[in-house]
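Please keep the structure open while reading.

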Amino acid sequence: MKHILLLCAVLSIVACTKESTISSPIVTSALDADNTQYQAGDVIPAMAYVEHGEVYNAESVIPPQCYTKTDGENNPCYACHQTYKDQKHRPNTMNDGDLQGEYQFSDLGTTNHWKNLFVDRTQLIAGISDGAIKQWISQDNYAEFVRKFANDPKWAGEVTPIENLATPEKAFTKQGLAKDGSAWVAFNYKPFPSTFWPTNGSTDDAMIRLPKAFREINGEFSKDVYFTNLALVEMVMKEASSITVVPVSEKIVDTDLDGNGVLSDSVQTLLARTHYVGDAKSIALTPLLYPENTEFLHTVRYIGVDDNGEIYNAERMKEVRYMKKHSYKSKAELASEYYLEAKEKSFENLPQIYLLGDKGVNSNMGWTLNAYIENEKGQLRHQNSQELAFCAGCHKTIGSNLDQTFSFPRKVEGAQGWGYINLANQQDVPNIGEEQGEFLTYFERVGGGDEFRQNKEMLERWFDEKGKVDATKVAKAQSVYELITPSPRRALDLNKAYLTIVKEQSYIFGRDATITEASNVLQYIDEKVAPLDKAFRYKWDLRLNWQHQNRADLTRVELP
């Protein structure tokens, strides 16, 4: 394993970035020579840092959202930073809820290095026609990506083919099982607030794949065994005592799943049990931990706009992200790792990122993370070390995640949640322990429809002229789709804004496709000023109460 401690850039580079931290990173010409020298005040292109082996931002694990101006009361921080000392079975013991009330940045981290946030892209996108961007986002760059890496004899990383993934209706059955036999299963989940809301720049999806033993019985593939074990994993992550499952045969699984003492041809309810089934029957379920070798595939896409102005997941992918639980760590082992992370943070040390070459990043929590992103021509390429370091910011040590993941614990519950993501058939249900819709609550706590409170369309839709959430209007929304998808005009402009970042290859300066310069973001952090007053700090569980039905739901169900 190659261990790399991200260090500050060489002094000559640091010196010239001090004056260009928030200046536009746009460049109009390529690098001249291999040994190009930059002078103080120069605008250095992002890829120059990579090509010259210099680290631009050793604190890239601090995401742009952490620099949001809160004015003491607007709190987007709670979705990531939480403490759960009262939950004895929870393996995540980061317990960083105090970060809602204080900054614990290194000296380097107090400067906001995400300078793409401070670029006004309105003129940059003016020359991109609607027709051109529609053509761009409708192209499949995934199939070529798979072929390229699968046929590269020097490639040592994973290859994750799913036939027709660009067009999900061709790739998956209604229950989410990939049609190509790859055993990937798509699931319908509620997008995490609010980075993955389409209105804020991207669409996305997620797939899970369990190890071979969890898919077979007596060495043969069995859909009944597979979906039973998938349901058991869901129960583990949601700490549920029972759950609905797509119809499975207890006779094939050779197990009484619903506890009635009889093996039936078809059951739809699964009770909690101690072990998985099929060829994985010797493996015990562990609270809030996935089995070893569980895999996740996550594609981040452009915002599709069809001829009727409806929003969908575009064919073209911005990123392909992959996670594999390469080793199982017990709750005690994880506690030790979290303690070390907390200790490092308390000393305000720079983060340590463990790079594995083609295989990506080792989270040191048992997971391998890897990711691919568009090159300037739109082809998916392996992310370089500085770009990959960004992944560790969320999928390593923040208090709210569960076994380093977000999407699966937010899956639509039970049998109804198996299938490709569909915002139109989701309601704004509350989080566990709360009564009000999650997104309505987010609007109220953040004071906007995004972390930066600059999504004007969301402010106009769901807030009054005084900046207060119109709770009645939000509650009447027919679906999550209605709440968090943009207008066709905004969608196309966001796509264009991101395309300018692609052409620049300036991802280490930030991947947020903001159209105008961010106004509610700090350029420098004053650690003496608490980010939030005590009255505006919140407890929160990312999991959802899917059994909750609001008045609008009940009315809709009763309609013929």
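Which residues of helix α4 (residues 130-137) are buried? In this predicted model, they are Ile133, Trp136 and Ile137. Viewed along the axis of α4, the buried residues fall within an arc of 90°, so they line one face of the helix.

What covers the buried residues of α4? The cover includes the strands β8 (295-305), β9 (311-325) and β12 (367-374). It also includes the helix α15 (488-504).

**Packing of α4 and α15**

Two packed helices are described by the angle between their axes and by the distance between those axes. For α4 and α15, the angle is about 70° and the axes are 10 Å apart. Angles of 65 to 115 degrees count as roughly perpendicular, so α4 is roughly perpendicular to α15. On the α4 side, the contact is made by Asp130, Ile133, Lys134, Trp136 and Ile137. On the α15 side, the partners are Arg489, Leu492, Asn495, Lys496, Leu499 and Lys503. By class, the residues of this contact divide into five nonpolar, one polar and five charged.

**The chain as a whole**

The chain has 16 helices and 13 strands. Its radius of gyration is 23 Å, close to the 24 Å that the globule rule gives for 560 residues, so the chain is as compact as a globular protein of that length. The C-alpha trace spans about 80 × 60 × 50 Å along its principal axes. Of the 560 residues, 57% are buried. Now take the contacts with a separation of 6 or more: residues 24 or more positions apart account for 73% of them.

**Backbone details**

Where is the place of Ser194? Ser194 sits in the loop between β2 (185-186) and β3 (203-209).

Two residues other than glycine carry a positive phi. Ala183 has phi near 75°. Ala183 belongs to the loop between α6 (168-171) and β2. Is Ala183 buried or exposed? Its relative accessibility is 5%, so Ala183 counts as buried.

Asp254 is not a glycine either, yet its phi is positive, about 60°. Asp254 lies in the loop between α8 (250-253) and β7 (267-271). Its relative accessibility is 56%, so Asp254 counts as exposed.

| Residue | Second residue | Separation in sequence | C-alpha distance |
|---|---|---|---|
| His382 | Phe463 | 81 residues | 41 Å |
| Thr269 | Pro211 | 58 residues | 23 Å |
| His81 | Asp98 | 17 residues | 7.5 Å |

His382 lies in strand β13 (residues 380-382). At 18% relative accessibility, His382 counts as buried, because the cut-off for buried is under 20%. Setting aside residues up to four places away in sequence, His382 touches Phe149, Trp155, Gly357, Asp358, Gly360, Asn370, Ala371, Tyr372 and Leu388.

Thr269 is in strand β7. With a relative accessibility of 38%, Thr269 counts as partly exposed. Which residues is Thr269 in contact with, leaving aside its neighbours within four places in sequence? They are Ile243, Thr244, Val245, Leu257 and Asp258.

His81 sits in the loop between α2 (46-51) and α3 (122-126). Its relative accessibility is 12%, so His81 counts as buried. Not counting residues up to four places away in sequence, His81 touches Cys66, Asp96, Gly97, Leu99, Gln100 and Ile398. The C-alpha atoms of His81 and Asp98 are separated by 7.5 Å, and Gly97 and Leu99 are among the residues that His81 touches.

Note on methods:
Residues are numbered from 1 along each chain as its sequence is written. This is a predicted model: local features need pLDDT of at least 70, side-chain atom pairs count only at pLDDT 80 or more; totals for chains, interfaces and linings use all residues. Side-chain values use heavy atoms; hydrogens and water are left out. Buried means under 20% relative accessible area, exposed over 50%, partly exposed in between (1.4 Å probe, protein chains only). Helices (H or I, at least four residues) and strands (E, at least two) are DSSP runs, numbered from the N terminus. The arc is that of the directions from the helix axis to the C-beta atoms. Contact means heavy atoms within 4.5 Å. Axes are lines fitted to C-alpha atoms, for helices over the stretch in contact, and angles run from 0 to 180 degrees between N-to-C directions. Angles under 35 degrees count as roughly parallel, over 145 as roughly antiparallel, 65 to 115 as roughly perpendicular and the rest as oblique. Ala, Val, Leu, Ile, Met, Phe, Trp, Tyr, Cys and Pro count as nonpolar, Asp, Glu, Lys and Arg as charged, and the others, Gly among them, as polar. The radius of gyration is taken over C-alpha atoms; the globule rule is 2.2 Å times the number of residues to the power 0.38.
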